[in-house]
Amino acid sequence: MTRALQLARQGLFSTHPNPRVGCVIVAACGEIVGEGWHVRAGEPHAEVHALRQAGERARGATAYVTLEPCSHHGRTPPCAEALVKAGVGRVVAAMQDPNPQVAGRGLERLRAAGIAVACGVLESEARELNVGFVKRMERGLPYVRVKLAMSLDGRTAMASGESQWITGPAARAAVQRLRARSSVIVTGADTVLFDNARLTVRADELGVEAEQAALAAARPPLRVLIDGQLRVPLTAAFFQAGPALVACCDDDGRAAEYQAAGHELQALPRGNGHVDLPLLLAGLAAGGANEVLVEAGPRLAGAFARKGLVDEYQIFMAPQLLGSSARPLLDWPLEHMAEAPQLAIREIRAVGNDWRIIAVPA
């Protein structure tokens, strides 16, 4: 199963909106006779690739798969049927598929065919690999990461808004990988205006093998600009970098103008004059978004945090000081210690000359 998970991770940048899945087929003698992983949506699933490699040696073998084999006809035939037809003797799944269209039916189909089934091997690792897919299936929302870059004194930009570059090349490459694995990148008007940001995935900066970089380049994430008052001009570099979705409070009759430029304008007003963030996330999930990366300034990042919409913070800390007049990490006014939100730190790791802190709401 560990090997199957390694294979599944090769689809980290490319399987959206599908889950990342790996499969290993082991003959009775203990020899691995087939391996496969799901490359991209619409193409064969991991089990099919592994069965093709195994051929007749799959008969009576054990298939280790990181997610319950599908049992329904989607863009590809059901994998449970492929395993039955191949004559495998046993299937070990890391976890049950949270997709209501599957949700145990794949395992039931295998048992009905006389195949021995086990489920729950390295389940936590399998769930972590597909944390966004799992959340979308179970709760109808994407998994939201907020990426922040700060100095040692917790500042993200100078008072003028200048912020390029707080962190070094290694940290920026790590951010590129975060973008590449995401279904959607969300940013705000201030970030685009101050930094002239494009928020694209630059394949040559990912620091991965050529095959993985090519897969990332072939499936760019949707870029979403939250611009309540439509302050960012269509001539900005952000819009020149490719199609984008703009979320605003009032489209002001400009939807056709944005459409003509290759973009979509969507009005999502809230009573206090801001874009309705929960409604935005629900709509993105309905469109198949598994993981959303928020790269924004303190106001928008703080708005996500205050609404309780953040699943994970990825904070890159640089060895420098920006001073007391610089901008804070989040715009989140608190008056008492009892109000301070608690976080659980998952990881602290050196990234070049910087540090990356991964934390989740406690």
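Predicted model: local features only at pLDDT ≥ 70, side-chain atom pairs only at ≥ 80, totals over all residues.
Local features were considered at pLDDT of at least 70 and side-chain atom pairs only at pLDDT 80 or more, whereas totals for chains, interfaces and linings use all residues. Residues are numbered from 1 along each chain as its sequence is written, and side-chain values use heavy atoms, with hydrogens and water left out.

A salt bridge was taken as a side-chain nitrogen of Lys or Arg within 4 Å of a carboxyl oxygen of Asp or Glu. Under this rule, 18 salt bridges were counted. One of them pairs E291 with R145, with 2.7 Å between the closest N and O atoms. The two residues lie 146 residues apart in distant parts of the chain, E291 in strand β12 (residues 291-295) and R145 in strand β6 (residues 143-151); strands are DSSP runs of E of at least two residues, numbered from the N terminus. Relative accessible area was computed with a 1.4 Å probe on protein chains only, and residues were classed as buried (under 20%), exposed (over 50%) or partly exposed (in between). E291 is buried at 2%, and R145 is likewise buried at 4%.

Two further salt bridges involve partly exposed residues. E205 and R202 meet with an N to O distance of 3.0 Å; the relative accessible area is 33% for E205 and 23% for R202. E257 pairs with R254, the closest N and O atoms being 3.0 Å apart. Here E257 is partly exposed at 39%, and R254 is partly exposed at 24%. Shared partners join R20, R145, R181, E291 and E312 into one salt-bridge network.

Definitions and conventions:
Helix = DSSP H or I, 4+ residues; strand = E, 2+ residues; numbered from the N terminus.
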